[in-house]
Amino acid sequence: MVLDPHDLVEIDTENLISHSPIPAWAMESLSIAPYVVVRRAHAPSGQIAIGIRGKSRGERFGAFLPEHAVIRQIKPEHLTGRHLLKYKQSPVFESLEIAGEILNRYQFVWGPGGSAGFELASGVETVTAKSDLDLIVRAIDPLPINTAILILSDLQTCPARADVQVETPKGAFSLAEYARNTFPILLKTQNGPLLIENPWMK
């Protein structure tokens, strides 16, 4: 099983590993929806770095999980089916449908992250009226600057703000920052953030 940042995994909370006390709000959240997100961080051998999300933006807690304890893995790209949006009525989910039409034109592998991805995976209402739409786009090969500019322009038609993270084999960067065509840009890697000229540099 290959686990990537932004993947959601269903877990048994008894398998959580933390080197500090787990907050009460985190355990309450897991009792409602036993799902965590894979973090971009180093983990001990045989373990996964995961994050627990609470009801508010400030409620986030990092912990670890044995690899064998994953019950189910859900990648962002597994959450793009229109049937999942059938009963969803909010600017974020309306934007997700629009964004899907835009990104599919470029034949990207993509999916929702953040609150939208969590709600679609867990079935627990997480999106609020103030939520942005977080999008994960996988780009194994270099992305032309002009394409990035066109995508951002098209996404302006979304009723909710769309924040696009581009995942490369080396790490992730903001599509908006990349489209400015001013380098270096910030690349999030497993070893921490780096300023880099080419996000696909070997």
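## Helix packing in a predicted model

Helix 2 and helix 3 (residues 114-122) pack with their axes 10 Å apart and at an angle of about 90 degrees, where axes are lines fitted to C-alpha atoms, for helices over the stretch in contact, and angles run from 0 to 180 degrees between N-to-C directions. The two helices are therefore roughly perpendicular (65 to 115 degrees) to each other. This is a predicted model, in which local features need pLDDT of at least 70 and side-chain atom pairs count only at pLDDT 80 or more, while totals for chains, interfaces and linings use all residues. Residues are numbered from 1 along each chain as its sequence is written, and side-chain values use heavy atoms, with hydrogens and water left out.

**Helix 2 with helix 4**
- The axes of helix 2 (residues 91-105) and helix 4 (residues 145-155) cross at roughly 160 degrees and come within 10 Å.
- That makes helix 2 roughly antiparallel (over 145 degrees) to helix 4.
- In contact (heavy atoms within 4.5 Å), Ala-99, Ile-102, Leu-103 and Arg-105 of helix 2 meet Ile-151, Asp-154 and Leu-155 of helix 4.
- The residues of this contact divide into five nonpolar, no polar and two charged.

**Helix 1**
- Ala-26, Ser-29 and Leu-30 in helix 1 (residues 24-32) are buried, meaning under 20% relative accessible area (1.4 Å probe, protein chains only).
- Seen down the axis of helix 1, these buried residues fall within an arc of 95 degrees, so they line one face of the helix.
- The buried residues of helix 1 pack against strand 2 (35-38) and strand 3 (47-53).
- Ala-24 and Ser-31 are exposed (over 50%) and sit on the face turned away from the buried side of helix 1.

Note on methods:
Helix = DSSP H or I, 4+ residues; strand = E, 2+ residues; numbered from the N terminus. Arc of directions from axis to C-beta. Parallel < 35°, antiparallel > 145°, perpendicular 65-115°, else oblique. Nonpolar A, V, L, I, M, F, W, Y, C, P; charged D, E, K, R; others polar.
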